[in-house]
Structure formats: C-alpha cells, structure tokens
Amino acid sequence: MTNIGSYAERVKNFDWSISEKELAFKDGNVINIGWYCSDRICQLGMADKPALLWENAAGREKRYTYDDVRLTTNTIGAFLRGLGIGDGDRVCLFMDKIPELYLGFLGVLKIGAIAQPLFSAFGDEALRIRLSDAGTAAIITQRKHVAKVRKMLDQVPHLRHVILVDYDGRKPLRDREVAFSLEQAEPVQELEIFPTKAESPSVLHYTSGTTGQPKGVKHVHYALIAQYLSTKWVLDLQPDDVYWCTADPGWVTGTSYGIIGPWSLGVTQCVLDAGFSAEAWYRFIEKHKVTVWYSAPTAIRSLMKAGDDLVRKFDLSSLRHLASVGEPLNAEAVVWSKNVYGHPFLDTYWQTETGSIMLTNFPGMEIKPGSMGKAFPGITATVLDTKTYEPITEPGRVGLIAFKPGWPSMMRAYWNNEATYQAKFRNGWYLSGDRSSIDKDGYFWFTGRDDDVINTAGHLVSPFEVESALLEHEAVAESAVVAKPDEVNMEVVKAFVTLKPGFDAGADLELNIMNFIRKKLSPLAMPQEIEYVDSLPKTRSGKIMRRLLHAREWGEEIGDISTLEDDE
Amino acid sequence: MEDAKDVVLNYIIEEYLEEEDDEITYDTPLISGGIVDSFSMVSLKRFLENKYQISIPDDKATPEAFDTVNSIVALVKSFLG
C-alpha cells in the first residue's frame, strides 16, 4: 500500500491541514525545521534509529542516529551562537557532501539564522556574487575550498567568520578564520531553539535567470508542511525505508528532499560523497540495501550508458521505488529503468522557487513515459497562453507552466530583488518559466524553457553570467552564450566569441577560456564548446541575438531575421 | 610514457586541485573521488587532445577511463599507436 493511496481521492479531499496535523502544527505555533528534523523525531521514540549512513570515495564511513543528529546540530548551533550569529543572519554552507553540511544546515536553522547552501564547485567569482548579494555573515567550509573564500575576502566585508570544519593545524588560520571540529567539540545536550514562526526565513538558495545576477530564493520554515507531505506521498517514504537522494544540498533538491523531507519523517537516509561512477553507485545501493532512490535524468542516462551487464553484477533487489528530478526524464530512460531495476524512475517537476514537488507521477498511478505527470494535491497547475496569460483549455496546446500561488513552500521573495519577484506573477498565476502541454487525461508534457536559461544536468546556468565572465578574459572582445543539445546532460553551455586584436583563435586558447570560466564560475558554467566568430548577430539597437544562435544550434527554423532584429 | 604520467599529473594538480587539497598520485581516483567532475572532464579531454594531437571519441572518454592518471595515460597511449 502506498502512502498516497488513491490520487483521485487525495485531490478531492485535500487540505494542507493534513500535513499540519501530522506534524502537530497549529497556526501561530513555533515551527523550526531544525527541531522538526531532529529533536521531534527523538521525542517520537526514534532517538536510536539511524538517520544518516555516510561514506566517501575513499570508503570512510560515518553513522549518525537521530539522537546524534539532535546533539550535533545543537553543538553546531551553539558554536555559531557563540560567534554572535543569530536571528536572520545568513550562514553559507560551502562544503562537499560531508556530514557537517547536512548537520550544519539544521544547526543554522535551530538558531534562527538562514541557511545559504552553495554548490562547493562554484568558483571564487560565483561565490563572491552570491555572498555579496546575501550579505552573508559566516561561511562554513573545508580546507579544500577555503582558497576560493580567501581570494574574494576583501570584497565581502560583511563576512565576519570563515569556519573551517577540518582544520588540521598545519598552517596558521588567516583573517576571520576559525576552526570547528564536530568530532572534538563538547556535545551540547540542550540548545534553546530559536522560536521561528511559519513566515520566518529559513533557506536562501541561489538560482540563475536569463538576465541579471543570480537570484536568492527566500524560503520560510512553513515550507516544511509541503516538503514533509510531498516526501511522504511522492517519494512514498515509509518507516523501514533506506532512502538515497543523490542531489547535492548546494541545490534545492538536496535540501528539500535530501535533508528536510526524509528527516522530518524520521527515515534513514544514506549519502555517498563521491563523484559519479555507475559501479560505485550500484555497490552503494547493494551495500546499504537502498529501497527508495531519488536521482536525476543525467545520472540515469549515464547509468544507461554504463550498460545492462553492469546492473546484473549487483544485487539491487532492495529497490522498490525510484524517482527523478532536474530535467525532463525521457521516455526511453523510464522504460529502461523498469526493465533493468524492475521499477521505473518516476519523473517529478518542481523548481528552486516552488520549494517542493509540483507535478509528478505518483506511485501507483498509470505512468505515461516521458510525461511529468499530474499536479500534487492542493496545487492548482495549468498552462497559460503566451500572449494573454489565460489558461489553455484545449489538450495538447503548448503554453507556460503556471501555478496558483499560496502553497506552503512557495518562495517568499527574491533577496533584494522585489521587481524580479513581482515579474514572476501574471493574472494571479506564478510563472515557472517552462513550457508544456497538458493532454486530455491531465498529464503534463514538457517542451522547453520559455527563456534563454540553460538547463545542464538539471542545474540552471545563466547565459548572462557566463557572457559577463567571458568578457573578463583578456582575449575575448564579445560573447554570446546559448544551450547546445547534449545526449547525457540534455543541454550544455556553448559560447560564441569574437577575439581582441592580437589573439589567435585556436585549440589552446579555447582550453584556456574554458578553464578560466570553470574556475571563475563553476564546471557547470564552463562552455563545452567555444566557436570563434568574426562578429555576433545583433539587433538594430546592438543587442546580441541569442535566440538566433540558439536556433542554429538546435536546428530550428530561424524564420524572419528582421523580426528578431526588431524585437530583442 | 613515464613522462606523460607526470605531464597529466602536473596538469591535474595545476588545474583542478585547490592549494589545501591532499596530494594525489598516479592511482588516486579522480572522477569517482570527486576531484574532477564530469563537466571538468571535458576540459581535461581537450587538454589531452591538444597536447598529444589526438582525438578521443566521446564513447572512449568514460568516467572509468578518466578515473586515474594511469588509466588516462593508457587511454592516450592507445591513440598514439
């Protein structure tokens, strides 16, 4: 029996109070995600239950019960409080998938500060932009990443503390740096939990848009209501499950469903802190007897490439439910996973801004491979006409995916960016920025982005951010960045550049530019191809016509260029 | 190809490691160890192609083939004949 039972019945009788009641929350009460994911689970009698089974590429293992999670998050919270961090302060978590990342996240929330997780592969410029925008007060990081922090420290005067969780004493600490060892710190049995309320800010995730700098998506503690219930109904987590979410908590999936969802349900989850390897992944599933697996299309396609024979070398019979997120999951991958694992990966659709799953294929419902499924109960979803912003009623017609605002985990703001936030709403609908159609049975079918943002391996990359960084390279005069189709990652970054006089187009310069962007922004943002051009297509007013370059890459009809020249 | 091992090792140290990273050897897992991610593998492949004037097809540029300096050099060697 699945947790959701009958989808139709759930939709008919839905109310968010279902989740509130299960979490014993009443309007006006204190609601603190850090407490809900640790202390409350202990109070429910699960203190000795494993919460986190962690291992890294070198085979090192750590194991935490829920009582360990309670204590360690108390300890981190107390340490931060001792540094003067508290209510509303932004604390950046800039680490690999080590236990301190997961526990630090809850520790930050317990003291009423705002957790700002950032993907540890971000380069110094990407980091600086996001810390500056957030006015971050402290960053928790590792030795291997601290060089990037040091490099831009002068430009972030508001950053009061750089906390190193693995300081080994071999070199002296530098300006603003402080060491903290979870293993050596005195455990804090009792911590006064900050009395956050439903609308108190909790998490600040940065996401990319077409224009302008990355946007800080502000979430609140009440988001728990949606994250808890969607984890229960979509991921179908049950008390004896061993859950594996492969996402990095630097991104929203890794926090909503890699920390908050499973731990608010008191489920055991495991984490593998290692790069991708099909063999290592299968070994991990076999070893921990993973039952529920939440991953991403890029990883699934990479597993497909690794072949069916490899699957047969491992005992993966523990798996009972698989789900996917990040980009549309192609029908072939759904069918393949059903054949090799005995269960299909079920696609889920949501965004950093939505905070929780919005459209999905539910366990037990008829799956249409390639479809994103139907709306989560309580979510009013539609597609809007691109000109009138009115809901499209005829099946199969493509429009903008939109949601009626008001679900618990909806973003509450873009940090410091009210105008962009307001622009996300039209005619009383939240605009996702994606396009799809809805078939006669109510299933959503993704067709593409409504803007120039590049979705590579499920992560959004802003062409503007890459173009700006390219212009800082000594050889680049002009740049335009678009998505290029890719078999595994769906899209990758491609750059068109014109060179300054004195620089020769060639393979060595291309590699130099690629590495420049990789280090400055991130490996995701690194152009996987650079095309040298004599000039870039521009509108009459001089703006670069990305859409024209995009159409060429995708083999699409370019149409009347004179129109493009006018309207950009 | 001893020299190639050092060329590749030094390039990885120079390009992908942070100053506080642990030392790596010819056998350190690079991809599965999280030192070089799948996106950065593209720039590493490009380096090898430029350096050794070879073309590595995408189906040969697998995470397994790029996982250690030794396996990378073996791959390069197979294209040098």
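## Where the two chains meet

Start by selecting the contact between the chains: 20 residues of chain B and 23 residues of chain A take part. Two residues are in contact here if their C-beta atoms, placed from the backbone, lie within 7 Å. Before going further, note that this is a predicted model, in which local features need pLDDT of at least 70 and side-chain atom pairs count only at pLDDT 80 or more, while totals for chains, interfaces and linings use all residues. Residues are numbered from 1 along each chain as its sequence is written, and chains are lettered from A and ligands numbered from 1 in the order in which they are written.

Back at the contact, pick out helix H2 (residues 40-52) of chain B, which supplies six residues, the largest share of the side of chain B that touches chain A. Helices (H or I, at least four residues) and strands (E, at least two) are DSSP runs, numbered from the N terminus. By class, that side of chain B has six nonpolar, seven polar and seven charged residues. For these classes, Ala, Val, Leu, Ile, Met, Phe, Trp, Tyr, Cys and Pro count as nonpolar, Asp, Glu, Lys and Arg as charged, and the others, Gly among them, as polar.

Axes are lines fitted to C-alpha atoms, for helices over the stretch in contact, with angles running from 0 to 180 degrees between N-to-C directions. (Angles under 35 degrees count as roughly parallel, over 145 as roughly antiparallel, 65 to 115 as roughly perpendicular and the rest as oblique.)

Want to see who meets whom? Show A:Ala507, A:Asp508, A:Leu511, A:Met514, A:Asn515 and A:Arg518 in H17(A), which meet B:Ser40, B:Ser43, B:Arg46, B:Phe47 and B:Asn50 in H2(B). By class, this helix pair's contact has four nonpolar, four polar and three charged residues.

## Two domains in chain A

Next, colour chain A by domain: domain 1 is 7-435 and domain 2 is 454-567, with bounds that come from an automatic or database domain assignment. The C-alpha centres of these two domains of chain A lie 30 Å apart. Their contact takes 22 residues from domain 1 of chain A and 19 residues from domain 2 of chain A. On the domain 1 side, the elements giving two or more residues are helix H7 (124-134) and helix H12 (297-306) of chain A. H12(A) gives the most to that side, with four residues.

Stay on H12(A) and bring up helix H14 (residues 331-341) of chain A: the two pack at an angle of about 60°, with their axes 10 Å apart. H12(A) and H14(A) are therefore oblique to each other. Look here for A:Pro297, A:Ile300, A:Arg301 and A:Met304 of H12(A) against A:Ala333, A:Trp336 and A:Ser337 of H14(A). This contact divides into five nonpolar, one polar and one charged residue.

For another pair, select helix H9 (residues 224-233) and helix H10 (residues 252-264) of chain A, which pack at an angle of about 80° with their axes 8 Å apart. That makes H9(A) roughly perpendicular to H10(A). The residues in this contact are five nonpolar, five polar and no charged.

Go to A:Ala475, in the loop between helix H16 (463-470) and strand S25 (476-486) of chain A. Leaving out residues up to four places away in sequence, A:Ala475 touches A:Leu499, A:Lys500, A:Phe503 and A:Leu509. With 18 C-beta neighbours inside 10 Å, A:Ala475 counts as partly exposed. (A residue is buried if 20 or more other C-beta atoms lie within 10 Å of its own, exposed if 12 or fewer, and partly exposed in between, with C-beta atoms placed from the backbone.)

Then check some backbone angles. Most residues other than glycine have a negative phi. A:Asn416 is not a glycine, yet has a positive phi of about 60°; A:Asn416 sits in the loop between strand S19 (413-414) and helix H15 (418-422) of chain A.

Is A:Met490 buried or exposed? With 21 C-beta neighbours inside 10 Å, A:Met490 counts as buried. A:Met490 lies in strand S26 (residues 490-499) of chain A, and has a positive phi of about 70° although it is not a glycine.

Finish at helix H18 (residues 546-554) of chain A, where A:Arg546, A:Leu548, A:Leu549 and A:His550 are buried. A:Gly555 follows H18(A), with a positive phi near 65°.
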